Amino acid sequence: MFRNNYDNDSVTFSPQGRIFQVEYAAEAVKQGSVVVGLVSKTHAVLVAIKRNAEELSSYQKKLFAVDEHVGLAIAGLTSDARVLSNFMKQQCLSQRLTYDRAMTLETLISLIGDKAQLNTQHYGKRPYGVGLLVAGIDETGPHLFEFQPSGMTQEMMACAIGARSQMARTYLEKNLDNFTDCGRDELVRHGLKALKETLVQDRELTVENTSVGVVGLKELGKKGLEFFKVHDGAEVKDWINSVADDNEGGAEAGDGEGMQVDE
């Protein structure tokens, strides 16, 4: 599909000031399965729905650890995400070898933003067709950043990207004030509830299709950091069950209220 030949490359502006190749890359992000990120005073959490291309294939990974203190969730082209993930790992490793300390989140995010922006400035390159949610912790506390194919990055309090992500965003906006004081498990449950809002009717959250990534401070009374860890399979079973129990309890309460009104 051509729009007056202004979408043949990523370096030509249309008369309206748009770069269509960047917009097409943003559409690729919307085709990916949804990922949700949240942050509180003590933790940053990523939750994701995994897809399998067919019945015979395994579920595709959506969460990746970059360093001890940072990890990311992807929506879009996995191959492009792998390139950016490896670049981030190299930068973090270089920082530790050179300065013997972890790279700050803001510096790391600006590096991948600059790398992506170059692809919109040089002929013969294309934008990365992937969106990232990057969660981590540094001296100033937990952080969550969103990365877009245009190279734009921004810090978020909560965010969702991918297919049907608007429903998750609506949940996050309604409950935003509650996230700040949430503990680790409560924050994960909020993330799973937001994720559940995006599901089509015949799908449910299961241990096979759900991933959770957590990074933050250790429990009260303990010093140090809880390094970024991806939880899959049986590790997420209790969280999924607790979300299901909450929904059942809410439905029963709603039925009770309805009976009182009828009387």
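## Close-up views of a predicted model

View 1. Leu 225 counts as partly exposed, because its relative accessibility is 34%, and the model shown here is a predicted one. You will find Leu 225 in strand S10. Together with Leu 217 and Phe 227, Leu 225 forms a nonpolar patch on the surface. The accessible area of these three residues together is about 240 Å².

**View 2. The open sheet.** Which order do the five strands of the open sheet have? Reading across, the order is S8-S1-S2-S9-S10, and the pairing is antiparallel. Strand S8 (158–161) and strand S10 (225–231) are the edge strands, each pairing on one side only. On average, neighbouring strands of this sheet are turned by 5° against each other, direction ignored.

**View 3. Strands S9 and S10 side by side.** Five bridges join strand S9 (residues 210–217) to S10 in the antiparallel sense.

**View 4. Helices against the strands.** Helix H4 (residues 165–174) lies across strand S1 (35–39) and S8. The helix H4 runs at about 170° to S8. Helix H6 (residues 184–197) packs on the sheet, where H6 touches S1, strand S2 (43–49), S9 and S10. The direction of H6 makes about 30° with that of S2.

View 5. Is Leu 205 buried or exposed? With 10% relative accessibility, Leu 205 counts as buried, because the cut-off for buried is under 20%. Leu 205 sits in the loop between H6 and S9. Leaving aside residues up to four places away in sequence, Leu 205 touches several residues, including Ile 49, Leu 192, Leu 195 and Ile 240. From C-alpha to C-alpha, Leu 205 and Arg 189 are 12 Å apart in space, while 16 residues separate them in sequence.

View 6. Asp 100 is not a glycine, yet it has a positive phi of about 60°. Look for Asp 100 in the loop between helix H2 (78–99) and helix H3 (105–118). Its relative accessibility is 70%, so Asp 100 counts as exposed. Arg 164, also not a glycine, has a positive phi of about 60°. The place to look for Arg 164 is the loop between S8 and H4. At 40% relative accessibility, Arg 164 counts as partly exposed.

Notes: Residues are numbered from 1 along each chain as its sequence is written. This is a predicted model: local features need pLDDT of at least 70, side-chain atom pairs count only at pLDDT 80 or more; totals for chains, interfaces and linings use all residues. Side-chain values use heavy atoms; hydrogens and water are left out. Two strands pair if DSSP finds at least two bridges between them. Helices (H or I, at least four residues) and strands (E, at least two) are DSSP runs, numbered from the N terminus. Axes are lines fitted to C-alpha atoms, for helices over the stretch in contact, and angles run from 0 to 180 degrees between N-to-C directions. Contact means heavy atoms within 4.5 Å. Patches are made of residues with over 30% relative accessible area and no salt bridge: like charges are joined within 9 Å, nonpolar side chains (Val, Leu, Ile, Met, Phe, Trp, Tyr) within 5 Å. Accessible areas come from the Shrake-Rupley method with a 1.4 Å probe; for residues, only the protein chains shown count as cover. A salt bridge is a side-chain nitrogen of Lys or Arg within 4 Å of a carboxyl oxygen of Asp or Glu. Buried means under 20% relative accessible area, exposed over 50%, partly exposed in between (1.4 Å probe, protein chains only).
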